[in-house]
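Reader: I have the picture open and would like to go through it piece by piece. Please start wherever you like.

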Amino acid sequence: SVLNSGTSFPRLRSLELGTEKRTLPGIPLSPHSVAPLNMNCLLPRLERMCLSSISVSELPPTDLPSLRFLTLHFPSKYPSTRANLFRMSSLHSFLSHTPRLESLVFSDSTPLMDVFVRLDAQKTVEGSEQSSLLPSNQITPLTLPSLRRFEWSHAPPRDLWRFFAMIKMPALKQLELYLDAGDRRWYTFYAT
């Protein structure tokens, strides 16, 4: 609630948030339901963020121009009552505001797949008129131009390719994947 109050933290460089037991549901967001960002950047110098059992959808929708290191520890096993917490739609939207991200770690975390990626040749830019015409459960691929390191433990082996179709990493130098059981699929949750 402190971070979502609209207060700016102009000197904050590192943020670690965690909770031991989830008793309240998160705030479900989709890429197209987020309110337009005001031009204020609430965390202009934040370089490092580590979230434990906190979804990115519970953070304020703000640009993170200095964020370089992001670790997400969200060990929920789906399906469960927490289906509205850590979703791919909110992760995709969050990552679109991190232009300098260099390291992304999913520590025992797999976001719930609730979107389809639009891979057709017609290129759309996030927020453009064409992108806004997409149904709310469709996204266009996102490029993280500075991402050099990606680590994912308990990744779903049969559907792992879906993440790389949604998130492009042209500068990637270090890839660490720790796969779940060989037949494990990515849990999905679609409104239709």
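**Talking through the fold**

Reader: Is F106 buried or exposed?

Author: F106 counts as buried, with a relative accessibility of 0%; buried means under 20% relative accessible area, exposed over 50%, and partly exposed in between, using a 1.4 Å probe and protein chains only. Please keep in mind that this is a predicted model, in which local features need pLDDT of at least 70 and side-chain atom pairs count only at pLDDT 80 or more, while totals for chains, interfaces and linings use all residues. Residues are numbered from 1 along each chain as its sequence is written, and side-chain values use heavy atoms, with hydrogens and water left out.

Reader: Which ring makes an edge-to-face pair with F106?

Author: That is F163: the two ring centres are 5.5 Å apart and the planes stand at 80°, so the pair is edge-to-face. Rings of Phe, Tyr and Trp (its six-membered ring) pair if their centres lie within 6.5 Å, and planes under 30 degrees apart count as stacked, over 60 as edge-to-face and the rest as tilted. F106 sits in strand β4 and F163 in helix α3, 57 residues apart, so to speak of this pair is to speak of a link between distant parts of the chain. F163 also counts as buried, at 0% relative accessibility.

Reader: And how many aromatic pairs are there in the whole structure?

Author: The search finds 8, and F106, F150, W152, F163 and F164 form one aromatic cluster.

Reader: Switching to the sheet, what is the order of its strands?

Author: The open sheet has 6 strands in the order β1-β2-β3-β4-β8-β10, with parallel pairing. Strands here are DSSP runs (E, at least two residues), as are helices (H or I, at least four), numbered from the N terminus, and two strands pair if DSSP finds at least two bridges between them. At the edges stand β1 (14-18) and β10 (174-179), each with a single partner strand, so one side of each has no neighbour in the sheet.

Reader: How many bridges join β3 to β4?

Author: There are 5 bridges between β3 (residues 69-73) and β4 (residues 103-107); H73 has S107 as its bridge partner in β4, and L70 stands opposite L104.

Reader: Which strands does α1 touch?

Author: Helix α1 (residues 88-95) packs on the sheet and touches β2 (48-52), β3 and β4, its direction making about 170° with that of β3. Contact means heavy atoms within 4.5 Å, and axes are lines fitted to C-alpha atoms, for helices over the stretch in contact, with angles running from 0 to 180 degrees between N-to-C directions.

Reader: Which residues touch the most other members of the largest nonpolar core?

Author: Of its 38 residues, these are M49, L70, F94, L95, L104, F163 and I167, where a nonpolar core is a set of buried Ala, Val, Leu, Ile, Met, Phe, Trp, Tyr and Cys residues joined through side-chain atoms within 4.5 Å. Helix α1 supplies the largest share of this core, 4 residues. Among the contacts of L70 are M49, F94 and L95.

Reader: Last one: how many disulfides does the structure hold?

Author: The structure holds 0 disulfides, a disulfide being a pair of cysteine sulfur atoms within 2.5 Å. C41 is partly exposed at 22% relative accessible area, and C50 is partly exposed at 27%.

Notes:
Lists of a residue's contacts leave out its neighbours within four places in sequence.
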